[in-house]
Amino acid sequence: MIKYSDILSDNVKSLAPSGIRKFFDILEEMTDAISLGIGEPDFVTPWHIRDAGIRSLEKGFTKYTGNAGLTQLRGEISKYLIRRFELEYDHKEQIIVTVGGSEAIDLAIRALVNPGEEIIIPVPSFVCYGPITSLAGGTPIFVETKAENEFRLTADELKKAISPKTKLLILPYPCNPTGAIMERKDLEAVAEVLRETNIMVLSDEIYAELTYGGRHVSIANIPGMYERTIYVGGFSKSHAMTGWRMGYACGPADIIRQMLKIHQYAVMSSPTTSQYAAIQAMSKGDNDVLKMKREYDGRRRYLYSGLRDIGLPCFEPRGAFYMFPSIKATGLSSAEFCERLLLAQKVAVIPGSAFGAGGEGFVRICYASSMENITLALLRIGKFIAANA
């Protein structure tokens with residue numbers, strides 16, 4: 001009889017399951033619950049983008065593409081980044097198309113980090129950074145950002161986390177789960193700390209298009225940071241293309257070449273049909289993005305006001321499509337609050353504790369849902385809070 005616990009990888013066994021999944025498992029058994037938990041656009045991929053994918057199939061474009069992605073797609077990504085964010089990358093040498101932004105993050109970490117080297121990860125943040133670091137043999141160093149700073153990474157917090165073993169800083173802004181952004185002045189302060197080091201930056205900017213009240217700024221825009229930054233982008237959040245699994249990474253050619261080697265062996269190439277849809281998204285999708293962003297912004301302002309009215313304090317997030325209100329006044333833990341809310345009022349939100357240190361006492365609410373759902377959810381959450389006062 002094989003004892004599988006003896007033959008499985010210690011690295012994999014040590015990984016904790018996602019703190020998000022169990023709420024989705026409960027939700028699957030409820031047919032009438034309102035889910036404000038899944039971080040996915042409620043919009044369907046715009047028709048002209050879907051049609052481009054369909055037409056590629058009709059034309060028989062079903063074979064592998066080049067490992068780095070279709071040349072035309074990389075060219076369109078390059079033009080898009082110049083047009084939208086004033087970032088210039090050579091599409092032949094500095095861009096790789098990946099299976100979602102998550103693969104780009106994995107490739108960057110594996111290409112850069114040696115066993116025992118440290119990666120600084122601001123938290124609360126997306127759940128994948130720490131586990132990917134551990135699987136690569138690196139050591140995650142979590143830096144707890146604070147609600148009073150709107151969950152931005154400060155220069156002082158960064159300085160304290162740096163050690164001789166530090167190899168990489170992950171910058172996850174706009175941020176999932178908090179909705180926090182980093183303004184130019186914040187990025188300049190971070191850049192000032194990094195300039196005299198050899199520390200690289202992995203800038204996860206998957207929510208770059210969903211920045212409200214001003215234009216998104218990348219740390220790669222800051223003087224001296226371009227050559228030490230790996231930029232991660234994608235189509236899932238901005239173009240409502242989660243199921244197409246399309247992402248990309250941009251950066252110094254020497255690093256992208258090493259990432260490409262891993263991609264060649266692990267994946268081969270991104271889905272061909274998805275790449276043809278992505279060409280359409282990059283070249284003709286700007287108006288779709290702006291339309292969805294306006295809708296999200298209206299929901300954002302409505303939810304922010306509604307949460308304050310029912311007694312859940314929250315800073316006003318200016319990125320992504322999440323709110324991160326405090327539930328500390330209820331006396332419940334984040335997990336208790338979410339479980340009881342789901343069972344009592346059939347509203348699903350995610351405990352902040354699932355996103356790392358600093359998340360306890362908060363919950364993540366996703367407003368990528370209809371205004372009708374948001375309105376009803378606020379009413380139910382208000383009833384829940386009143387009943388538990």
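**View 1. Thr242 in a loop between two strands.** Thr242 sits in the loop that joins strand S7 (229-234) to strand S8 (247-250); helices (H or I, at least four residues) and strands (E, at least two) are DSSP runs, numbered from the N terminus. This is a predicted model, in which local features need pLDDT of at least 70 and side-chain atom pairs count only at pLDDT 80 or more, while totals for chains, interfaces and linings use all residues. Residues are numbered from 1 along each chain as its sequence is written, and side-chain values use heavy atoms, with hydrogens and water left out. Thr242 counts as buried because its relative accessibility is 18%; buried means under 20% relative accessible area, exposed over 50%, and partly exposed in between (1.4 Å probe, protein chains only). The side chains of Thr242 and Glu40 make a polar contact (2.4 Å). Such a contact is a pair of N or O atoms within 3.5 Å; within protein, one must be able to donate a hydrogen and the other to accept it, and residues adjacent in sequence count only if both atoms are side-chain atoms. Not counting residues up to four places away in sequence, Thr242 touches Glu40, Pro41 and Ser236 (contact means heavy atoms within 4.5 Å).

**View 2. Thr65 in a loop between two helices.** Thr65 lies between helix H4 (47-58) and helix H5 (71-85), in the loop. With 12% relative accessibility, Thr65 counts as buried. A polar contact of 3.0 Å links the side chain of Thr65 to the side chain of Gln275. Apart from neighbours within four places in sequence, Thr65 is in contact with Leu70, Ser269, Ser270, Thr272 and Gln275.

View 3. The loop between H5 and strand S2 (95-98) holds Glu86. Glu86 counts as exposed, as its relative accessibility is 62%. Leaving out residues up to four places away in sequence, Glu86 touches Leu81, Arg215 and Asn221. Thr197 is 111 residues from Glu86 along the chain, and 25 Å separates their C-alpha atoms.

**View 4. The whole protein, as a setting for the close-ups.** The protein has 14 helices and 12 strands. Its radius of gyration is 21 Å, close to the 21 Å that the globule rule gives for 389 residues, so the protein is as compact as a globular protein of that length; the radius is taken over C-alpha atoms, and the rule is 2.2 Å times the number of residues to the power 0.38. Buried residues make up 55% of the 389 residues.
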